[in-house]
Amino acid sequence: MPLTTAALSRDPRGPFAVETVDIDDPRGDEILVRIEASGICHTDLVSRAAGTADRPVLLGHEGAGTVEAVGAEVTTVRPGDRVVLTYRHCGSCRNCRLGRLPYCARSSALNQFGARPDRSARVTVDGSRVRDGFFGQSSFAGYALTTADNTVLVPAGTDPVLAAPLGCGFQTGAGAVLNVLAPEPDSQLVIYGAGAVGMAGLLAAGTLDSTAVIVVEPSATRRALAIELGASAALDPADGDTRSAIGDLTGGGATHALDTTGRPDVLADAVTALTVGGAVAVVGLGAGVPQLDLRDIVLGGKTIHGCLEGDAVPERFIPELLALYAAGRLPLDRLIRTYPHTEITAALADHHAGQVVKPVLTW
């Protein structure tokens, strides 16, 4: 039973607490991964803030590291393998059989603190149970118990710091562009929000031929970085009507858009700013009802795509993204800043201030 440190949430309104926890040995279908890096994603913070009486909570769902031990039923990886951790899926429902793994019928049960069948504890602190199983990993700890369906084998030399955000944020942004929107040559893509997801979408678009990208982002620092990374223009929404500016820059409207904000007003703007036949992918899990013009959508032949996890099959897509990085075509390292896991409070403060796009904790 490994003893390690973890960043626990004991109060949805309070800071994370770095404490010593016990991680159970892997059962038959479980994999014990020594976590070397774990990205911080907005979903972690939303889930912490949601609150529950069942505390403490162990979050983290962008883990990467090395397999330490496996249960007797595991055949996909072995000790010593380098892996990236991602979301869980059942593999047997209709959506899974169709290759639409993010939309697994059991997704919520498996990813939202899914428990062992016998309800036994995987993680304890001072003998008390920790609520874990977030995305089947809870990787804000030095070890995580995972399963074959969310443990992706990657090349031995893979940098865990670079690889960790591929489990969710980078996979989502890059997949929304490459898998869902799939812009043709000479397309014009607008990305709303230049956080980790939006920036990954920008870099993914850069791997395509002649796709111009406009970024809409309130942070001046992130707008400047977007230009450095290949955006043709970066607009501040505070300057006024972005729809008119996009129309001027594109000569009438964007062919594609990626909305990472989760704001209904931004989605409405994104749809309006599309040209005839345009498409928008929506990845932000916000709330509210966008004010959409049905005549504009129908007469313009416009499409709105909901998109989870970039519509990706992780065991294929994550190695593909790593290969693009290795070839110098996807500089994801430009988006990352590392922090020792003991400095998670500083990492969150820097992220909130817009000083870092993707904070990654190290163990």
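**Close-up views of the domain interface and a helix pair**

**View 1. Contact between domain 1 and domain 2.** In this predicted model, 17 residues of domain 1 are in contact with 16 residues of domain 2. The chain is divided so that domain 1 comprises 3-167 + 331-362, whereas domain 2 comprises 171-309. Taken over C-alpha atoms, the centres of domain 1 and domain 2 are separated by 29 Å.

**View 2. Area buried between domain 1 and domain 2.** The two domains bury about 1300 Å² between them, and carbon and sulfur atoms give 60% of this area. On the side of domain 1, the most area is lost to domain 2 by Arg334, Leu335 and Val357, which together account for 37% of what that side buries.

**View 3. Salt bridge of Arg334.** One salt bridge is found across the interface of domain 1 and domain 2. Arg334 also forms a salt bridge with Glu228, in which the closest N and O atoms are 2.7 Å apart.

**View 4. Crossing of helix 5 and helix 11.** The axes of helix 5 (residues 169-181) and helix 11 (residues 314-326) come within 11 Å and cross at roughly 95°. Angles of 65 to 115 degrees count as roughly perpendicular, and helix 5 and helix 11 are therefore roughly perpendicular to each other. Helix 5 contributes Phe170, Gln171, Ala174, Gly175, Leu178 and Asn179 to the contact, and helix 11 contributes Pro314, Phe317, Ile318 and Leu321. Classified by residue type, this contact of helix 5 with helix 11 has seven nonpolar and three polar residues, with no charged residues.

Definitions and conventions:
Residues numbered from 1 in each chain as written. Predicted model: local features only at pLDDT ≥ 70, side-chain atom pairs only at ≥ 80, totals over all residues. Heavy atoms only, no water. Axes fitted to C-alpha atoms, helices over the stretch in contact; angles between N-to-C directions. Helix = DSSP H or I, 4+ residues; strand = E, 2+ residues; numbered from the N terminus. Parallel < 35°, antiparallel > 145°, perpendicular 65-115°, else oblique. Contact = heavy atoms within 4.5 Å. Nonpolar A, V, L, I, M, F, W, Y, C, P; charged D, E, K, R; others polar. Domains from an automatic or database assignment. Buried area = accessible area lost by both parts, 1.4 Å probe. Salt bridge = Lys/Arg side-chain N within 4 Å of Asp/Glu carboxyl O.
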